[in-house]
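Dear colleague,

I am handing over the structure below, and after it I set out what was found. Please read the notes with the model open beside them.

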Amino acid sequence: MRLHSIQGKLFPETPFYFSKSLNFVDMFVPAGGEQTVTGFSFTKAVYLENRTLAFKLKGEGTVSEPVLSCILYSYEEISEEIKSALLDRIRFFLSLDDDLKPFYALGSKDPEFAPVLDQLYGLHQVKFLTPFEAAAWAVLSQRISMKVAHKIKSKLTEAVGNSVQIEGIEYRTFPSARQIKNLGAENLASIIKNERKSDYLIAVAEAFDGVDENFLRKGSIKDVKEWLMNIRGIGEWSANLELIRGLGRMEELSEHDKTLFNCFGRFYGPEATEDQFKRIADGYGNFKGYWAYYLRTACLIIKII
């Protein structure tokens, strides 16, 4: 089957250091093995607009003048509409439009956090590729280790996802909400071997299949969180994971994230208190989610979470 491709360029908000994004992808367990990272390039597939697409990105330019060259792939001709949708997905996935300068101004005045900023300077949040994938991961990873959850996710991708071959390598897409919904709970349970998670995942798929992503990205965070919490299987922790890691909504943090609090103690001292955590997080205002993301990433680098 012939593979169509078109080329283009993306211009991230500065500062942007693509190598830091690639380093994060290499550490990110939920997406392990789902893409290829080679040098300064990155290749991944996505199911979007009811078709299988893929993209290859290569970093060019500098941190202060960044450029990403991109090649878009499809077995069907790539219309302007599809091109626009895929480029939007890439920009959102890599948070290319996030202006981190106000966040850095705040962080530079925080002596415990300043070394983290220096280490991760130019890192824009790498989200889950789609909001539904983030919500699905929240369900799949409840009460089990990330490694076990990743194995379940991989089985689901292999069984339901589509594939595209680029330069001799097969890339599979994580299923869309509609693909999961149409599968049904019984068939889903036969794949992931967990009836409770299957029921929850079907409920999440039904909700995400019918929602406007623009509402999730730009609606009031109160309304979006309320919508999420009304989905069977989505609680406080899962909703906050979706808000930050699926939607880039950095205005709010979970008050019950023990892993993040432990990471906070690594940089702010073992005697750090929950009140101190809340006070410092609140000081970052609408960037508190970025503060948490940088803390988590720094802890991943030194392998303490």
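The second largest pocket holds about 760 Å³ of space; a pocket here is an open set of points on a 1 Å grid over the protein atoms alone, where a 1.4 Å probe fits, with protein on both sides within 12 Å along at least five of seven lines, and lining residues have an atom within 4 Å of a point. Grid points are joined across faces, edges and corners, and a volume is the space filled by probe spheres set on the points. Of the 32 residues that line this second largest pocket, Tyr47, Leu48, Arg89, Ser176 and Glu213 are the closest to its centre. Two or more lining residues come from each of strand 3, helix 2, helix 5 (131-140), helix 7 (177-183), helix 9 (195-209) and helix 10 (213-218), where helices (H or I, at least four residues) and strands (E, at least two) are DSSP runs numbered from the N terminus. By class, the lining of the second largest pocket has 14 nonpolar, six polar and 12 charged residues, with Ala, Val, Leu, Ile, Met, Phe, Trp, Tyr, Cys and Pro counted as nonpolar, Asp, Glu, Lys and Arg as charged, and the others, Gly among them, as polar.

The model is predicted, and local features need pLDDT of at least 70, side-chain atom pairs count only at pLDDT 80 or more, while totals for chains, interfaces and linings use all residues. Residues are numbered from 1 along each chain as its sequence is written, and side-chain values use heavy atoms, with hydrogens and water left out.

The largest pocket has a volume of about 960 Å³. It is lined by 33 residues, of which Met146, Trp237, Leu241, Thr259 and Arg296 are the closest to its centre. Helix 15 gives the largest share of this lining, six residues, and by class the lining has 18 nonpolar, eight polar and seven charged residues.

Turning to the sheet, five strands form an open sheet in the order 1-5-4-3-2, with antiparallel pairing, where two strands pair if DSSP finds at least two bridges between them. Strand 1 (4-10) and strand 2 (35-38) are the edge strands, each pairing on one side only. Strand 2 pairs with strand 3 (residues 41-48) in the antiparallel sense over four bridges, and Thr43 in strand 3 is the bridge partner of Thr36.

With best wishes
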